[in-house]
Amino acid sequence: MKLSIVVIAALCAFVGFGCQLAGTRPSDGTSSTGGAGGNLENSGSGGTVPRTGSGGSATGSAGQSGNNGGRTGQTDGSSCGTQTFGLNKIPPDLLLVFDKSGSMEELPDGSNCRGAACQPMEKWAQMTTAINQVVAGTDATIRWGLKFFPDDDQCAVSDGATVGIAPSNAMPITAAITGQMPSGRTPTQVAITAGSAYLKSLPDTNPKFILLATDGEPNCAPAGNNNASDAAGAVQAVMASAAMGIPVFVVGVGEVTDAEMTLTQMAIAGGEAQAADPRYYPVSSSADLVSALGTIGSMIASCTFGLANPPPDPANVAVNASGMRIPRDPGHLNGWDYGTGQTSIQLYGSWCDDAKAGKLSDVQAIFGCPDVIIP
């Protein structure tokens with residue numbers, strides 16, 4: 001669902017406030033018509049642009065080209081006008097941290113099966129089929145990335161991602177999956193730590209999430225003890241990711257009796273647990289994973305909308321939707337707040353839920369100039 005977002009910016013008459021005069025530009029780019037008198041000049045690096053109250057032309061060299069046309073302006077120093085911008089939703093960044101340990105060659109019930117007849121039923125085959133299907137269907141609305149773990153036949157995990165976060169990533173992800181086969185152990189702690197560090201390093205301001213899909217207990221404990229559980233370390237890594245602003249969804253693949261407690265603890269620590277047991281997302285087939293990924297995809301559907309520039313007065317901004325004023329909520333429970341660098345607006349709580357469900361229309365952000373308070 002894509003909302004039509006309109007920003008109405010109240011722009012100051014004083015250029016000293018860093019705002020622009022309100023008005024219109026003629027299509028032929030030759031002149032601007034002003035109000036009832038007065039004039040105002042903006043100096044550029046290579047020329048001066050006069051604006052007159054009665055039909056003056058707008059000319060200049062490097063300062064402002066006459067081809068840009070003029071703006072209608074009032075010069076009493078107290079009037080603000082409006083300027084309208086079209087905005088788009090900011091899609092989420094979702095890094096799939098995918099377990100390729102040797103046990104992924106087993107059937108979902110944990111039993112072994114060898115031969116071509118078994119391959120469609122193995123956890124690896126079923127899960128990768130589902131991933132390819134879902135990514136292909138959602139890569140226009142989700143910026144997918146992929147990180148396998150481990151990177152060898154033991155516990156090694158490299159920095160970064162196997163496939164970096166990007167739009168339209170279905171083909172690179174399918175190619176990466178095709179080149180992999182299950183092997184090694186389950187170094188969950190290091191994989192989550194590396195994945196969250198990678199997402200944190202990205203320069204974009206998109207909302208960021210990790211989706212951990214694993215079929216067993218973390219068993220790559222520190223100090224090279226590969227036969228010991230590292231459940232506590234994995235839970236701590238997930239908690240640290242959530243604390244960085246990168247929530248973690250946890251998917252348990254197949255029969256995970258020995259790992260149920262750890263998966264539950266990770267799901268809760270990641271901040272995206274299901275409301276009832278099992279708190280993680282259990283999957284045993286391609287259809288199960290497609291369903292789980294669909295649910296997760298709808299949960300992370302963006303409630304973030306980009307702004308071309310930060311507002312001239314960040315404390316003097318209002319956000320409306322469907323004729324209602326949305327309260328600002330720095331606590332991020334139910335309302336709106338700025339994203340990173342005040343270049344986006346994020347909805348929270350019931351407002352975000354309604355936006356995802358298509359219940360909001362005519363969403364507007366109204367920018368007020370300094371000393372021109374929005375009622």
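Helices (H or I, at least four residues) and strands (E, at least two) are DSSP runs, numbered from the N terminus. The model is predicted: local features need pLDDT of at least 70, side-chain atom pairs count only at pLDDT 80 or more, and totals for chains, interfaces and linings use all residues. Residues are numbered from 1 along each chain as its sequence is written, and side-chain values use heavy atoms, with hydrogens and water left out.

View A. S322 is not a glycine, yet has a positive phi of about 50°.

**View C. Packing of helix α1 (residues 123-138) and helix α6 (residues 286-299).** The axes (lines fitted to C-alpha atoms, for helices over the stretch in contact) are 8 Å apart, at an angle of about 40°; angles run from 0 to 180 degrees between N-to-C directions. In contact (heavy atoms within 4.5 Å) are Q126, M127, T129, A130, I131, Q133 and V134 of α1 with S286, L289, V290 and L293 of α6. These residues comprise 7 nonpolar, 4 polar and no charged, where Ala, Val, Leu, Ile, Met, Phe, Trp, Tyr, Cys and Pro count as nonpolar, Asp, Glu, Lys and Arg as charged, and the others, Gly among them, as polar.
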